[in-house]
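I am opening my notebook on a new structure. I will write down what I look up, topic by topic.

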Amino acid sequence: MATKDLSAYDMEKVPSAENMKFGIVVSEWNYEVTGALARGAVETLKKHGAQDDNIRVKHVPGSFELTLGGQLFAENTDVDAVLLLGCVIQGETRHFDFICEGVSQGATHLNMKFNLPVIFGVLTTDNQQQALDRAGGKHGNKGDEAAVTAIKMVALQRDFE
Ligand code: DLZ
C-alpha cells in the first residue's frame with residue numbers, strides 16, 4: 001500500500017482463508033470457556049473460506065501446555081498458522097501469573113523460532129463471568145478475533161514471499 005492510500009486502509013477487510021491451513025490448540029481447563037473460543041474460531045475461519053480439512057484441532061490439559069502443543073504443530077505439520085486458545089482465571093495464589101507469563105512468552109518464542117504466526121488466544125480474567133462474557137457473551141468471542149488475526153498474519157506473510 002502506498003503512503004498516499006493510508007487513509008483508505010480498511011481494517012474490517014479480511015483476506016480469503018481458502019488456501020490456508022490452521023492448527024488450533026485448545027486447553028481443557030475451563031472448557032466451558034475454551035470450547036466456546038474454539039467453536040468461534042473454527043466458525044470464523046470457515047466463514048472466511050477455510051476448508052474443514054485444513055483446520056486441525058488438538059487439546060492440551062492446561063494453558064501452560066499450549067506452547068508445546070503449538071510447537072508440535074509447527075514441527076510436524078504444514079499449517080500456516082497456529083491458534084493457542086486458553087482461559088486462565090485468577091485464583092488465590094500466584095499460579096495465575098506463572099501460567100500467563102509462561103504461555104505468553106512461549107507464544108512469542110514460537111512466532112520467532114518458526115517464523116510462523118502463533119496467535120495468543122488466551123483469556124486472562126479475574127473470574128469466570130468475565131471469561132464467559134468474552135467467549136460468546138456480551139463482549140463477543142475472542143476465538144473469532146484470534147481466527148481473524150491468524151488469517152491476516154498468514155496473508156501478510158504471503159505478501160513477503
Ligand atoms: C493448575 C492450573 C490452575 C490453578 N489454573 C488454571 C487456569 O485457570 N487455566 C488453565 O488453563 N490452566 C490452569 N492450571 C493448569 C496449568 O495450565 C497446567 O496444566 C498445570 O500447571 C500443569 O503443567
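This is a predicted model: local features need pLDDT of at least 70, side-chain atom pairs count only at pLDDT 80 or more; totals for chains, interfaces and linings use all residues.

**Entry 1: the core**

Which residues of the largest nonpolar core touch the most other members? I found Phe22, Ala41, Leu83, Leu84 and Leu85, out of 43 residues in that core. I noted the term: a nonpolar core is a set of buried Ala, Val, Leu, Ile, Met, Phe, Trp, Tyr and Cys residues joined through C-beta atoms within 7 Å. I noted burial too: a residue is buried if 20 or more other C-beta atoms lie within 10 Å of its own, exposed if 12 or fewer, and partly exposed in between, with C-beta atoms placed from the backbone.

Helices (H or I, at least four residues) and strands (E, at least two) are DSSP runs, numbered from the N terminus.

I then followed Phe22. Leaving aside neighbours within four places in sequence, its contacts include Leu45, Ile55, Val79, Leu83 and Ala150. Contact here means that two C-beta atoms, placed from the backbone, lie within 7 Å.

Residues are numbered from 1 along each chain as its sequence is written. The mean pLDDT of the protein is 96, and 100% of its residues reach 70 or more. pLDDT is the predictor's confidence in each residue, from 0 to 100. I also wrote down ipTM 0.99 and pTM 0.97.

**Entry 2: around the ligand**

Which residues come nearest to the ligand? Of the 15 residues around it, I listed Trp29, Gly62, Ser63, Phe64 and Val88. A residue is near a molecule or strand if its C-beta atom, placed from the backbone, lies within 6 Å of it. β3 gives the most, with 4 residues.

I sorted the shell by type: 7 nonpolar, 7 polar and 1 charged. Ala, Val, Leu, Ile, Met, Phe, Trp, Tyr, Cys and Pro count as nonpolar, Asp, Glu, Lys and Arg as charged, and the others, Gly among them, as polar.

**Entry 3: what UniProt lists**

I checked the unreviewed UniProt entry. UniProt positions are given in the numbering used here, feature names are shortened, and annotations may be inferred rather than shown by experiment.

One "binding site" annotation in UniProt covers Trp29, Ser63, Phe64, Glu65, Cys87, Val88, Ile89 and Phe120. I looked at two of these. Glu65 sits in the loop between β2 and α2. Glu65 counts as buried because it has 21 C-beta neighbours inside 10 Å. Phe120 is in strand β4. Phe120 is buried as well, with 20 other C-beta atoms within 10 Å. Beyond four places in sequence, Phe120 is in contact with Leu84, Ser104 and Ala107.

UniProt also gives "binding site" for Glu92, Thr93 and Arg134. These are spread over 43 residues of sequence, and also in space, up to 23.4 Å between C-alpha atoms.

Is Glu92 buried or exposed? Glu92 is exposed, because 6 other C-beta atoms lie within 10 Å. I placed Glu92 in the loop between β3 (81–89) and α3 (95–114). Arg134 is buried, with 21 other C-beta atoms within 10 Å. I found Arg134 in the loop between α4 (128–133) and β5 (135–137). Away from its sequence neighbours within four places, Arg134 is in contact with Leu123, His139, Gly140 and Lys142.

The UniProt "active site" feature is at His95. His95 is in helix α3. His95 counts as exposed, because it has 12 C-beta neighbours inside 10 Å.

**Entry 4: positive phi**

Asn30 is not a glycine, yet its phi is positive, about 55°. Asn30 lies in the loop between β1 and α1. With 22 C-beta neighbours inside 10 Å, Asn30 is buried.

Asn115, also a residue other than glycine, has a positive phi near 50°. I placed Asn115 in the loop between α3 and β4. Asn115 is exposed, with 9 other C-beta atoms within 10 Å.
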